[in-house]
Amino acid sequence: MKNSYNIVIIGGGPAGLAAAVSAFDAGERDILILEREEKTGGILNQCIHNGFGLTRFKESLAGPEYAGRFIEQVEARGIEVMTSTTVLSLTEDKKITAINQTEGVFTIRAKAVILAMGCRERSRGALNVAGTRPAGIYSAGTAQKYINIKGYMPGKNVVILGSGDIGLIMARRMTLEGAKVHAVCEIMPYSSGLKRNIVQCLDDFGIPLYLNHTITKIEGKDRVTGVVVSEVDANKRPIRGTEMHFDCDTVLFSVGLIPENELTKGALVPLSPRTKGAIVYQNRETLKDGIFACGNVLQVHDLVDFVSEESELAGRSAVEYLKKTDQTRDVVDVLNGKNIGYVLPQKIDKNLSGNIKLFFRVTNTFKNCTITAKCGDEVLLSRKKKIAVPGEMETLLLTEDKVKNLTGEVVVSLEVE
Amino acid sequence: MFDVIVIGGGVIGGTLLRELTKYKLRVCMTEKENDVCMGQSKANSGIVHAGFDAPVGTLKARFNVEGNAMMSALCAELGVKYVNNGSLVVAFSEEEKNTLFALKERGEKNGVTGLEIIGREALKNLEPNISDNALCALNAPTGGIVCPYELTIASVGNAMDNGATLLTDFEVVKIEKTDGAYTVYSADGRKESAKTVVNCAGLGSGKIASLVGDTDITVCGRKGEYILLDRESGDFVSHTLFFTPTEKGKGILVSQTVDRNIILGPTADEVQDDVPYTTAEGLGDVLQKANGMCKNVPTYNTITSFAGIRAYSTRHDFVIEESKGNEGFFHCAGVESPGLTSAPAIAKYVVEELLSKRLTLVKNEAFNGKRTPDYFFKNMSVEEKNALIKKDPSYGKIVCRCEQITEGEIVRAIRENPPAKSVDAVKRRTRAGMGRCQGGFCQPSVASVIARELNIGLEEVTKSGKGSRLLVGRNK
């Protein structure tokens, strides 16, 4: 280990691994990946179900298999990796303080940093779900870790709040391991999970999905004994009289992923309140020179295939940044307009070359709609969609010529016919 | 046979136990749960009250002011976090302003120093986020904040280091008096005897009193619900902000904690059972009131909510006295707010004024009141950290990411007095699991360390003892 590197990548999950390989292939050799677990692979290590890589590899891989493809590439290139190493802080001038058992607390300087720390799960506590605090309450990912990594079952009779992908996957996983999943509750009128997961995880196992429902109370002194579930109104308030009681010993919360940006904040990198990740240019550089972000720490993705794609972009961009002498920017803002929750990147630097894929999510389920990207009154792009849902990230491709001709901010919006 | 059995491992019992070890006495604490500090001592506001609330002439008033003066030194000895952040009682009307003057007067009669009424401008300077409807405030600079479970655990641990015995999972269900000694029986058949007994059983102190025939001591429960905000919002307020009290009580407060979270609460509801739980109404009430005290309360940064049941006696004052019918049996019953603040003063009083009449007190020259180590790893300097990691590499492994807690601290919590045997016990000692992800990331690792250290299977690890196993068995 040296005390400075050209590129330091914080996080050795799918984002960090792809960024490292891409940076290496772009010609950079002085790269270090810092990973807090004993192995790289990130959250994919506990995602033993398949469905990963359908877009990228045209195969349906299990999580560890997908991660393995990139781990092999990192090893083949001899890229330096420090595992069991936790980054404690990052400064805006790219000084990294980290800790492990052999080096103790140490600092490393980097010419460029790629943030790839992924995200954490929102907890029951953050939702203020009333009731007791017994054993048997888990976020879906923690339950997944117990089952798939530790080899233990968190419970036998389960109710799940949240029909996002992780909740759906865990409904199936618990059932396959012999538990009874009594219900999956979802506060929204739609599930944010991939359609194929609704079918393969709930329908195929006869697990009821209660849309417009939430858990209002958890019961049990030492261990969960039951939950109360209520229907909610348009303001997401429980409707009196609709209470259902389920006996259960386990409650799983799959209620949102939050990009893990504590280090980012410490480096004074501005974050977007919409994505909860850093504000970035199209090359994934944040508003602090030489600090890049990619993967779930930047925006919560649905498909790891797009995490890899985004991270490869960040890796290449970091190498470009190191070579660049002229750092002047010609900036155009990208804004989320009507019915759009967020657009990424939030800023376009016209001095950077290449096409730009705009990533965004809609705020609700819309049928028969048109999504447009406009600059002033000029329509840059337009796409009709039969259905657009918040749970599926959308993209629009802005070609280089359109980028060069931008005269003002770009607004992406959705209109229903 | 012991000289003293202390029934109840909360902050009252804990500080008392430690005070007792300053003398050459054989002392024992019985605690019905799997760990100390699992009752109201872990689920309260953590305020070191200045002492203007308690009616003049009450034990509450006396011990509050005495305890307040002792708290800083006690915490320094035990390595427990204490901050003298100051209390502000905020008035929103002329009527409330009059109450503030009455509180000031009462406080001064109780011996509180530094009290002054400050106007809107001065209040805004101290607390920029105060509501625009705030009129003025009573500033009580001797008010402070402490971590109540840290204090309890450290007191018991230091007492044990000085020779005290701790018996957990020991629920006293029968007490017999034979030949000038008391024998306490646990629900599982164990028994211990002592010359004297002190009832510090919190919510259960009425039940314990009735076991020796003192049926005139009635203890009831009042539940309080709290909301805790992320440390990221830790600068939202710096003082402890109180509403002007009514007959119903002090009302909710908005305060920083010593760990730099923001705490909102508590509500006050009479309850019959002893299992604390939050309610949608209660939590909604907390949020609504907090929004009345301050502008832009960062409730989006909520990380958890909880409830605690405070024991109060129908006398509406502390019941700290020898049992009328049972010489050598003492009660510390109904110790509700300002119980935490009063704890060190109550301990001193019980030993020096009450027990001294029944026991010979000979100073224990070997008493060492300093609890070591007294640090959180993250607060050490880089040099100190690296010296520690060289000695013990387990300090080089971060287990709780949100609070930066190392494996070394978790192992220490399991091994040192009072030993942690569950995930929540580790949490109270180390803060692992108290961060924004609430153990989502670290719980499996904490559980694995407990399993390894206690040489038990992972499926035997509990959240908080008894029937609270985390897991039901192996997967297929």
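In which loop of chain A is the place of A:Ser84? A:Ser84 sits in the loop between strand E5 (80-82) and strand E6 (86-90) of chain A, and its phi is near 50 degrees, a positive value in a residue other than glycine. This is a predicted model, in which local features need pLDDT of at least 70 and side-chain atom pairs count only at pLDDT 80 or more, while totals for chains, interfaces and linings use all residues. Residues are numbered from 1 along each chain as its sequence is written, chains are lettered from A and ligands numbered from 1 in the order in which they are written, and side-chain values use heavy atoms, with hydrogens and water left out.

**Interface of chain A and chain B**

- Chain A places 47 residues in contact with 51 residues of chain B, where contact means heavy atoms within 4.5 Å.
- The two chains bury about 4,300 Å² between them, 51% of it on carbon and sulfur atoms; buried area is the accessible area (1.4 Å probe) that two parts lose on being put together, summed over both.
- In chain A, the residues that lose the most area to chain B are A:Gln101, A:Arg133 and A:Tyr152, together 17% of what that side buries.
- Two salt bridges are found across this interface, a salt bridge being a side-chain nitrogen of Lys or Arg within 4 Å of a carboxyl oxygen of Asp or Glu.
- A:Lys265 forms a salt bridge with B:Glu232, and the closest N and O atoms are 2.4 Å apart.

**Helix packing between the chains**

- Helix H4 (residues 140-150) of chain A packs with helix H12 (residues 443-454) of chain B at an angle of about 50 degrees, their axes being 9 Å apart; axes are lines fitted to C-alpha atoms, for helices over the stretch in contact, and angles run from 0 to 180 degrees between N-to-C directions.
- That angle makes H4(A) oblique to H12(B), because angles under 35 degrees count as roughly parallel, over 145 as roughly antiparallel, 65 to 115 as roughly perpendicular and the rest as oblique.
- From H4(A), A:Thr142, A:Lys145, A:Tyr146 and A:Lys150 meet B:Gln443, B:Pro444, B:Ala447 and B:Ser448 in H12(B).
- Helices (H or I, at least four residues) and strands (E, at least two) are DSSP runs, numbered from the N terminus.

**Sheets of chain A**

- One open sheet has three strands in the order E23-E25-E28 (chain A), with antiparallel pairing; two strands pair if DSSP finds at least two bridges between them.
- Its edge strands, each pairing on one side only, are strand E23 (340-344) and strand E28 (394-398) of chain A, and neighbouring strands are turned by 25 degrees against each other on average, direction ignored.
- E23(A) pairs with strand E25 (residues 356-362) of chain A in the antiparallel sense over four bridges, and the bridge partner of A:Val343 in E25(A) is A:Phe360.
- Strand E22 (residues 331-336) of chain A and E24(A) pair in the antiparallel sense over three bridges, with A:Val332 opposite A:Ile348 in E24(A).

**Backbone details**

- Most residues other than glycine have a negative phi, and most peptide bonds are trans.
- The peptide bond from A:Leu344 to A:Pro345 is cis, with omega near 0 degrees, and A:Pro345 lies in the loop between E23 and E24 of chain A.
- In chain B, a cis peptide bond joins B:Gly265 and B:Pro266, and B:Pro266 lies in the loop between strand E16 (262-265) and strand E17 (269-271).
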